[in-house]
Amino acid sequence: MTNQPVAALPSAINDYVLPVPPRPAGEVVVVGNSSDPQSSLRRGGQVARALGDHILAIAESQQQVLAELRDRLQQVDVAIADATRAQLKGALREVVHVLDWVDSVQADLAGVGRRAAAGAELVDVADVCAVVAAQVRAEQRQVEVSGAPARAWWGEAAALHEAVQKGVALVTERTGGLGVPRITIEESDGVIRVCITSSADPVDTVDAATVQRFRSAVERIGAKVRPDAMGPGGSGLVIELVRGDS
């Protein structure tokens, strides 16, 4: 063993931060117009691109972390002859630290695969609500839309579209067709909320079938329904979507 001073092994890994994948532009998924026979074919391509962009971002992060792991191992290999036992143990701890990041990214990728295999897709909730609003306006009725979540929601776009559509129908019926419905999209604590309200006061009579159709649509997407700020006696409602993205 040489008596020359041994430089400490690099410890830059302590400051290593896993790259955060940027939100890809292809993450927006649009619900096609049912009157257009080609819309379902185009939408299939949009879903594929969104999923591909998401997987690519994860794979690129994995590639960077693996490159860091390889660099750490090479440094250990070079220094192993002259390093002290304490230095080697410290270097190995840093290698394990990077390996933990590898496991994290791998779990993220596996989660994406499980969701996709279950039929889920990356859905832009604000875009789906905009499609519902456009359909309502096509029927010569007013509706307002505002807000957007920070990220996409994992689910089925067509099912979400149906739930929002049935929600607007229920609120409209609760107000006797008066007032202007409003769809507001909010997000907090990992939950996306689609709030459907109206400028009109509630009426006494609501068809039970309308309520059942709405609740069935909400159950299909695994969401929860809560009253809006006006409480159970108000005309508005809130659809809560537990965010399933990574």
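The legends below describe several views of a predicted model, beginning with the whole chain and then moving to its sheet, helices and cysteines.

**View 1. Overall composition of the predicted protein model.** The secondary structure comprises five helices and seven strands, and along the sequence these elements follow the pattern α-α-β-α-β-β-α-β-β-α-β-β. The protein has 246 residues, of which 37% count as buried, and it exposes about 13600 Å², with carbon and sulfur atoms supplying 54% of that area. When contacts between residues at least 6 apart in sequence are considered, 76% of them join residues at least 24 apart.

**View 2. The open sheet of five strands, in the order E2-E4-E5-E7-E6.** The pairing within this sheet is mixed. Strand E2 (144-146) and strand E6 (224-227) stand at the edges, and each has a single partner strand, so one side of each is left without a neighbour in the sheet. From one strand to the next, the twist averages 20°. As a general point, the strands of a sheet pair through backbone hydrogen bonds, in either a parallel or an antiparallel sense.

**View 3. The hairpin of E4 and E5, with two residues between its strands.** Within the hairpin, Asp189 takes a positive phi near 55°. Strand E5 is mostly covered, six of its eight residues being buried.

**View 4. Strand E7 and its antiparallel pairing with E5 and with E6.** E5 and E7 pair over six bridges, and the partner in E7 of Cys195 is Val238. Four bridges join E6 to strand E7, which spans residues 237-242, and here Pro227 has Leu237 of E7 as its bridge partner.

**View 5. Helices H3 and H5 lying across strands of the sheet.** Helix H3, made up of residues 125-138, lies across E2, strand E4 (181-188), strand E5 (191-198) and E7, and runs at about 180° to E4. Helix H5, made up of residues 208-220, lies across E6 and E7, and runs at about 130° to E6.

View 6. Is Thr210 buried or exposed? Thr210 has a relative accessibility of 6%, and because the cut-off for a buried residue is under 20%, Thr210 counts as buried. When its neighbours within four places in sequence are left aside, Thr210 is in contact with Ala169, Leu170 and Glu173.

**View 7. Cys129 and Cys195, neither of which is in a disulfide.** With a disulfide taken as a pair of cysteine sulfur atoms within 2.5 Å, the count comes to zero disulfides. For Cys129, the nearest cysteine sulfur is that of Cys195, 9.9 Å away, and for Cys195 the nearest is likewise that of Cys129. Cys129 counts as buried, with a relative accessibility of 0%, and Cys195 also counts as buried, at 12%. Cys195 is the residue whose bridge partner in E7 is Val238, which links this view to the pairing of E5 and E7.

Definitions and conventions:
Residues numbered from 1 in each chain as written. Predicted model: local features only at pLDDT ≥ 70, side-chain atom pairs only at ≥ 80, totals over all residues. Heavy atoms only, no water. Pairing = 2+ DSSP bridges. Axes fitted to C-alpha atoms, helices over the stretch in contact; angles between N-to-C directions. Contact = heavy atoms within 4.5 Å. Buried < 20%, exposed > 50% of the residue type's maximum accessible area, 1.4 Å probe, protein only. Areas by Shrake-Rupley, 256 points an atom, 1.4 Å probe, with all protein chains shown as cover.
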